[in-house]
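Thanks for coming. I will go through one model this morning, starting with the ligand site and ending with some strands.

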Amino acid sequence: MQIKTEALNYTYKKNTPFEKKAIRDINVTIPANSFNVMIGKTGSGKSTLLQLLNGMLVPTSGNVVIGEYTINSKIKKKSLHPIRKVVGTVFQNPENQLFSDTVLQDVMYGPLNFGFTKRQSEAQAREAMELVGIAESLFSRSPFQLSGGQMRRVAIAGVLACQPKVLFLDEPTAGLDPQGHDDIMTLFQKWYKEREDRSIILITHEMEDAAKYGDNIYILHEGEIVLEGHRTEIFQQVELLDKLGLDIPVASRLLSKLKEASGENIAVAQYDVQG
Ligand code: ADP
């Protein structure tokens, strides 16, 4: 499912002394069936953009177009319901959202809430648990008796059981050791590759994940996407960006120079480079 933004803006606490423009005029097209990584420093707007793309926040101005649905400032709450069915989101520390008496009930909660029958919800829950590696022997346990790693897997299964087309991941490996991090990322990659009509949009500040998993990479800086492209177009530059501590104006200027020099199709978003 393709997601597109048109002149997208978001301002927190508009018309108050605390007004903060977090997203500035973003026009981006995220193709269907792709693994996308949005990267940027803390405060660059990643989390706000994710919540606009998944319909949790409504734009201050502009549009978010998710498949056949358009979200803008005039949308009615009811119209967001069908959108919520096609997107899923795994937040940081998703295990904090576990609440049911048993693992199986917890994973079935989402599909039941979306109106799937009990039987169908259980089938989807079982499929999701198989994918995340939660054994049947744990289904009747309390989620709170599990290890931290298992709890995270159960929480992820709860999102996957709703069978989203687009899965949003907000730093889903926060707090895990390197092995745990790789295990969870592998699991998402497996989910993504299992069917052709699935997309992932991951936000992170970890360059390694962008390099390893992203088909398309979007670099955010002060509420704008300053660089976007297929990994092959921009990842030759990642070392440089890293060395510069994601000092985007400089990196972006260098990239445009490279583009001029090589004549290659390196995607450089419009950016008013100073200095
Ligand atoms: P990131 O996810 O890249 O760290 P965010 O989207 O969280 O960035 O934040 C973008 C900007 O919006 C930051 O300047 C942040 O301080 C501000 N911001 C985020 N949430 C709120 C909020 N609820 N109220 C006011 N400002 C906010």
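First, a definition: helices (H or I, at least four residues) and strands (E, at least two) are DSSP runs, numbered from the N terminus. This is a predicted model, in which local features need pLDDT of at least 70 and side-chain atom pairs count only at pLDDT 80 or more, while totals for chains, interfaces and linings use all residues. Residues are numbered from 1 along each chain as its sequence is written.

Confidence next. pLDDT is the predictor's confidence in each residue, from 0 to 100. Its mean over the protein is 87, with 85% of residues at 70 or more. The model has ipTM 0.99 and pTM 0.87. Residues 261-275 stay under 50. Where pLDDT is low, the predicted coordinates should not be read in detail.

A residue counts as near it if the C-beta atom, placed from the backbone, lies within 6 Å. The residues around the ligand include Tyr 12, Lys 13, Lys 20, Gly 45, Lys 46 and Ser 47. Two elements give two or more residues to this shell, β2 (20-30) and α1 (46-53). Which gives the largest share? That is α1, with 3 residues.

Last, the strands. Two strands pair if DSSP finds at least two bridges between them. Strands β1 (residues 3-12) and β4 (residues 61-66) run antiparallel, joined by 5 bridges, and Thr 5 stands opposite Val 64. β4 also pairs with β5 (residues 69-71), antiparallel, over 3 bridges; here Ile 66 stands opposite Tyr 69. The β4 and β5 hairpin has 2 residues between its strands, and Gly 67 takes a positive phi near 55 degrees.

Terms used
Two residues are in contact if their C-beta atoms, placed from the backbone, lie within 7 Å.
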